[in-house]
Amino acid sequence: MQHIRTTNAANRLDRLPITKFHKRTILAVAFAYFFEFADINTFAITAPVVREQWGADVDHVAYVTSLSFVGMFVGAVVAGGLADRLGRKRTLTVTTLWFTVWSFACVFAWDIWSLGLFRVLTSAGLSAMTVVAVVYISELFPSAKRGKFQAYAIVVGICGTPVTNLIASAVVPMNDWSWRLVYLWGSLGALFLFLVRRLEESPLWLESRGRHEEAEATLARVEAHAVAEHGPLPEPQQPEPRGPVVKPGLGMLKDKKFLYPTILLSVLWITQTIGFFGYSSWAPTLLAAEGVSVEDSIFYVALTTVGAPLGSFLAAMVTDRFERKWCLVVFGLVIAASGLLYGLTFTPVLIVVFGFLVNLFERGYTALAYAYAPELYGTEGRSLGTSIAYGLGRLSNAAGPLMIAGVYNGVGYQAVFMVIAGTWTLGALVLAVFGPATRRRRLATEAAAQARPRAVTTP
């Protein structure tokens, strides 16, 4: 335990209006998100062709997919520790470069196992980047508006999924090697380096590490932007007295205030991961296995993913206006129903319609969860707690693909989607019963900021 002094970073950030600084930050993170979402399903897209060329079967696809989720777990947990040690900005840069380098390596894979190894390493970076980006946005935006802007970043970023799927539907059928271009496309996230130089480190992280002079300098720059654009700022609330805090690290697992949200969010991410990736990772392969042509299966899935950015936009409209917990419950139940109906039809129009709804509400669910999860922690536990819960969710799907393959081989196509619907329903029920509400606290913070008098001088 230790007592720490504060630069009042949280209250100073909470009373800021949205400025060009915030918009520049969202643009950079959205760019990284774009290529993260572009890359995350590339193996699922190319798996039908890879199976044909290399004589792989459904079980081979399952093993590669499962190991990729082990990589996601490792990446998320390692990133949580790095973000606490090195900083949010630096770790965001490192993790983005990591996944783009290994995506580029996939271009040169020579068999299913080399491709699988490269995908495991890529997946570690994808998961790591996501965890750090979620925490980074949470710590730089006013609490009353962070949910909306978290969703806006995903609105832009999630376009990477339909864009990649549409590109894949055009290039994969071209010839025997053109599927490799899908991975080349995913590696373009390395261009993030041109944006990261204008980003600021999280003042909350600097403060939590005792680097008060750097936190003060960063806050002064951010506040200067706000004053230049909007005039004098309200005085920040005074920080509440803080007692001893637990030193960041795995020792925080002994603290009930840390352990409870970590368990809850682990359930959230486990059900989300199995529910969504059970659908998105397997839809092209299962459709092809059921007699739909490879070209048609890729094209159908590409059309359904058009709903993804609309879902993130829908989340942006509701995330700060309603209680995030209940939005997550409603979205989860709609996904369960839509995914079940998807599995009960082979009519092309209905496949696209129900698949569209799954993508619409699932991406909205993810945007809501990205905003909700960091709110359950203080600064000291935010990165580690978010990374453990998110990582366990991804690790759970190491067994998910094998389970899906077993259900498909043993029971049939439609049973797969019944299992997926049940997973989403379980997650919604657990969240409804045990999930803390956070909106009242956000509203109280916003009201207090608006009630403060405006300063007559610039920061």
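R363 and E362 are both buried (under 20% relative accessible area; exposed is over 50%, partly exposed in between; 1.4 Å probe, protein chains only). These two residues form a salt bridge, with the closest N and O atoms 2.5 Å apart. A salt bridge here is a side-chain nitrogen of Lys or Arg within 4 Å of a carboxyl oxygen of Asp or Glu. Salt bridges that share partners also join R12, R15, E216 and E223 into one network.

The model is predicted: local features need pLDDT of at least 70, side-chain atom pairs count only at pLDDT 80 or more, and totals for chains, interfaces and linings use all residues. Residues are numbered from 1 along each chain as its sequence is written, and side-chain values use heavy atoms, without hydrogens and water.

The count of salt bridges is 13. In one of them, R88 pairs with E139 at 2.8 Å between the closest N and O atoms. R88 lies in helix α5 and E139 in helix α6 (residues 112-140), so the pair ties together parts 51 residues apart in sequence. Helices are DSSP runs (H or I, at least four residues), numbered from the N terminus. R88 is buried, at 1% relative accessibility. E139 is buried as well, with a relative accessible area of 1%. E214 and R211 also meet in a salt bridge (2.8 Å, N to O). E214 is partly exposed at 38%, and R211 is partly exposed at 32%.

The protein chain averages a pLDDT (the predictor's confidence in each residue, from 0 to 100) of 83. Confidence is highest in α5, at 94, and lowest in helix α22 (residues 439-451), at a mean of 59.

Key
Helix = DSSP H or I, 4+ residues; strand = E, 2+ residues; numbered from the N terminus.
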